[in-house]
Amino acid sequence: MPTPDQLKQLRSLPQVEEMLRQPALAAMTAALPRTLVVDQTRAQIDELRGRVLAGDEVDLSCEAVATSVVSRLRRLCSPSLRRAVNASGVIVHTNLGRSVLPEPAVQAVLDVARGYSTLEYDVHELRRGSRHDHYEALVCAVTGAEAAIAVNNNAAAVMMVLSEFAQGREVVVSRGELVEIGGSFRVPDIMRASGADMVEVGTTNKTHGFDYERAITERTALLMKVHPSNYRLTGFVEDVSVQGLRAIADAAGTARASGPVLVYEDLGSGALVDITAADLHEATVSDVLSSGADLVSFSCDKLLGGPQAGIIVGRREAIARLKKNPLARVLRLDKLSIAALEATLRLYLREDNVRRQIPTVRMLDADEVEVTARAERLKQRLDAVLSPADGITAIEREVARAGGGALPMCDIPTTVVALDLKRGSALGCERYLSAENPVPIVARIRSERVLFDALTLLSDDELDEVAQGVRRYFAGLGSEEPR
Ligand SMILES: *Cc1c(COP(=O)(O)O)cnc(C)c1O
């Protein structure tokens, strides 16, 4: 029940008609459809009603409500998904769109977006072609696989493999590999959703070959390995390699009436080449295939450095079955992603292109001297816009991350510019740069200072944007008293 005070507040909520006469909103109805302004005004009044009932302190004056409606309308009319500056030092940042596309991929996307394209048209035969043809031969050339299919993302790839090969059958997986990645991808959940029966073996830290051997029955479809991308076990740890699983599957398969047992690895970040970053030692897709996996799936926007997609590679017959699965249609890639994927994969044909042209790989493998030089240039630009009364900057060595919930734990040495504020606050500055600056800038805070990581700043234009953002923050503080 609302309190008497709340009832009084509810009665004083402005009416829609009354609001529309406010000069600020009347101006909006001149530029935008009236129904849009009416709807947003009503939505704002509804929101205020909810907040009054929740006991919040709210300003119900017509002017204040009009200001909120105007900012609702402005938000609706301006882009929400837009470029951001990543000064966080996290290279594959899931919240910031993971990998930055290589320039040839950007060009390919623009080209295909602007006109009609050969998406499913075979130009030699003058008839219908397949969208898989644009990338499949490239994936095979780079990984040594017999065949490949790309879908929406790696989660979709896992779902499709389990659903095609293990629906109503059993999948044996180690308890040490029942991971959760990024909050919404959990191995047991995807297993259930695909209709496969999960058979857990081993313990959290140790799983042996005999654990898998004992678990195999006539209903076993797959022995599955999952890359523990975002955590690391140390100490008394043991798992069974793909090679080990291959031997177990072969031994069991020949003795079974229900035929062979397949070996499948969800490899997660999917490195296509050796990336010799700091302490990153990832098996490549071709390593896993040559160790004997029948199927391997991986993401295209993590270590591979391409667009959001997931690829499944493996034996020709197995991939042919996947292409016929109804999920192939449900989870298929659109033309823009295929354009970006094809162009990114083509860079892998030449090793020197990979490090030069794929931003994610370049950053993982960054030259420390270059990163430090970029930090020095950022410091100069910041010092040029800051007065000593605003704050002081310092160059510091730091540790960057390959990627929050997406990549193997790995520390990458980096250089940051630390801004120690004498006016305003680190939190206020961080908020301003993210929410108010024309281009959102994402930094991090450490010990009351704002850190700008030079590793993930992509160009000198971005260094200027950071400096201008910081300048605007202090200008916005006006002549407020120093702290
Ligand atoms: C990242 C990851 C996934 C999910 O891949 P998306 O491309 O984000 O859908 C699945 N499994 C593993 C092991 C991963 O690392």
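Figure 1. An unreviewed UniProt entry lists residues 10–49 as "domain: L-seryl-tRNA selenium transferase N-terminal"; UniProt positions follow the numbering used here, feature names are shortened, and annotations may be inferred rather than shown by experiment. In this predicted model, local features need pLDDT of at least 70 and side-chain atom pairs count only at pLDDT 80 or more, whereas totals for chains, interfaces and linings use all residues. Residues are numbered from 1 along each chain as its sequence is written, and side-chain values use heavy atoms, with hydrogens and water left out. The span 10–49 is 80% helix and 0% strand, and its end C-alpha atoms lie 7 Å apart. Helices (H or I, at least four residues) and strands (E, at least two) are DSSP runs numbered from the N terminus.

**Figure 2. The annotated lysine, Lys302.** The unreviewed UniProt entry places "modified residue: N6-(pyridoxal phosphate)lysine" at Lys302. Lys302 belongs to the loop between strand S11 (295–299) and strand S12 (310–314). Because its relative accessibility is 4%, Lys302 counts as buried (under 20% relative accessible area, with exposed over 50% and partly exposed in between; 1.4 Å probe, protein chains only).

Figure 3. The ligand sits in the largest pocket. Helix H8 (154–166) and strand S10 (262–268) are the elements that give two or more residues to the shell around the ligand. Ala155, Ser229, Asp266, Ser299 and Lys302 come nearest of the 13 residues around the ligand (a residue is near if one of its heavy atoms lies within 4 Å).

**Figure 4. Polar atoms facing ligand oxygens.** An N or O atom in the side chain of Arg98 is 2.9 Å from an oxygen atom of the ligand. For Asn153, a polar side-chain atom lies 3.5 Å from a ligand oxygen, and for Asn154 a backbone N or O atom lies 2.9 Å from an oxygen atom of the ligand. Of the 380 Å² of accessible area that the ligand has on its own, the protein covers 94% (Shrake-Rupley method, 1.4 Å probe).

**Figure 5. The surroundings of Ser88.** Ser88 is located in the loop between strand S1 (85–86) and helix H6 (103–114). With 8% relative accessibility, Ser88 counts as buried. The side chains of Ser88 and Asn86 are joined by a polar contact of 2.6 Å (a pair of N or O atoms within 3.5 Å; within protein, one must be able to donate a hydrogen and the other to accept it, and residues adjacent in sequence count only if both atoms are side-chain atoms). A polar atom of the Ser88 side chain also lies 3.1 Å from the backbone nitrogen of Val90.

Terms used. On a 1 Å grid over the protein atoms alone, a cavity is a set of points where a 1.4 Å probe fits but cannot get out, and a pocket is an open set with protein on both sides within 12 Å along at least five of seven lines; lining residues have an atom within 4 Å of a point. A molecule sits in a cavity or pocket if more than half of its atoms lie within 2 Å of its grid points.
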